[in-house]
Amino acid sequence: MPQFNDAELTAAVVTSFDETPNERAKFLLQELVKSLHDFVRRTDLTFDEWGYAIDFLTRVGQKCTDTRQEFILLSDVLGVSMLVDAVNHRERGGATETTVLGPFYVGEHKETAHGTDISSELEGERMFVQSRVTDLKGKPLAGVAVDVWHADGDGYYDSQKPSYETHGPSSRARFVTDADGRFFFRTILPCSYPIPTDGPVGEMIIQTRRHPMRPAHVHFLVNAPGYEPLITHVFIDGDKYLDSDVVFGVKDELVADVEPRRDATMPDGKPADGPWHLMTYDFRMKPGQGNAPKPMMAKAHEDA
Ligand code: BEZ
Ligand code: FE
């Protein structure tokens with residue numbers, strides 16, 4: 001039986017993966033072992049602390065359901081999601097900046113006619129969103145699918161509400177750009193909201209005296225053949241949480257000035273029923289390949 005001191009133990013575990021047929025998997029596993037072992041050594045981790053960590057991760061897994069992904073939330077609040085985003089998008093070359101997907105991309109994005117009010121059943125200040133999708137030179141991209149989703153006036157996504165099963169999507173839709181690369185829709189002005197705090201991740205945020213808030217935003221996933229899928233948000237200027245987003249997702253370029261308007265008609269010529277807000281934001285796509293992310297839950301089901 002081999003006996004190891006702790007440095008030899010690390011080397012032995014790393015070597016145990018030497019025959020992994022997939023080179024990338026071997027590299028990732030060996031680097032993970034080295035980083036984990038370093039963490040244990042640097043912190044002199046106690047049995048109680050390791051037991052707590054295992055219990056915490058167990059509870060994170062148990063909190064996941066068809067419409068809730070607590071592991072994504074954990075990755076988000078630890079800044080891992082934004083770090084993965086950063087190392088994969090180092091050179092934007094003028095393309096729109098990216099940010100976290102978040103745990104509420106659950107699919108069900110039905111193609112919807114331009115101009116539709118995607119939050120018609122919700123209370124809230126009305127907003128008109130207009131946008132254009134282009135390449136890096138400003139050439140419009142037609143026929144591009146754009147998924148949009150955002151929280152309601154109380155800070156909840158449709159998928160978080162019991163009514164989701166019976167009523168289906170709300171504040172969530174897919175638009176396809178016209179010949180000029182444009183799409184537009186009506187909705188409500190989103191507000192800042194807390195990430196879910198009724199699970200182990202929220203417990204960690206509260207116990208560590210962090211705040212759970214995200215600044216107001218609308219999510220966009222732009223998927224154009226021949227271009228890298230663009231996962232991003234447009235944040236609303238003036239929000240008090242822009243400087244302290246709990247998931248570190250804000251980038252200056254993604255903050256839009258959303259103008260209050262009183263015009264009697266909206267940009268598509270249809271009447272406005274009172275005061276409204278105008279969000280204008282264009283997306284520039286980077287040439288490349290890549291698959292748009294699948295909704296996490298659908299992926300889990302497929303892989304099962
Ligand atoms: C979201 O914006 O939907 C979100 C992103 C990360 C964590 C929680 C929520
Ligand atoms: Fe969000």
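**Salt bridges in the predicted model**

Asp180 is partly exposed, with a relative accessible area of 33% (buried means under 20% relative accessible area, exposed over 50%, partly exposed in between, with a 1.4 Å probe and protein chains only). The model is predicted: local features need pLDDT of at least 70 and side-chain atom pairs count only at pLDDT 80 or more, while totals for chains, interfaces and linings use all residues. Residues are numbered from 1 along each chain as its sequence is written, chains are lettered from A and ligands numbered from 1 in the order in which they are written, and side-chain values use heavy atoms, leaving out hydrogens and water.

**Overall count**
- The structure holds 22 salt bridges (a side-chain nitrogen of Lys or Arg within 4 Å of a carboxyl oxygen of Asp or Glu).
- Asp6, Asp38 and Arg41 are linked in a network of salt bridges.

**Pairs between separate elements**
- Asp180 forms a salt bridge with Arg132 at 3.1 Å, N to O.
- Arg132 lies in strand E1 (residues 126-134) and Asp180 in the loop between strand E3 (172-176) and strand E4 (182-188), so the pair ties together parts that are 48 residues apart in sequence; helices (H or I, at least four residues) and strands (E, at least two) are DSSP runs, numbered from the N terminus.
- Arg132 is buried, at 18% relative accessible area.
- A salt bridge also joins Arg186 and Asp268, whose closest N and O atoms are 2.7 Å apart.
- Because Arg186 lies in strand E4 and Asp268 in the loop between strand E10 (259-261) and strand E11 (276-280), this pair ties together parts 82 residues apart in sequence.
- Arg186 is buried at 13%, whereas Asp268 is partly exposed at 24%.

**A pair within one helix**
- Lys34 and Glu31 meet in a salt bridge of 2.9 Å, N to O.
- Both residues lie in helix H2 (residues 23-43), 3 residues apart, about one turn of the helix.
- Lys34 is partly exposed at 35%, and Glu31 is partly exposed at 30%.
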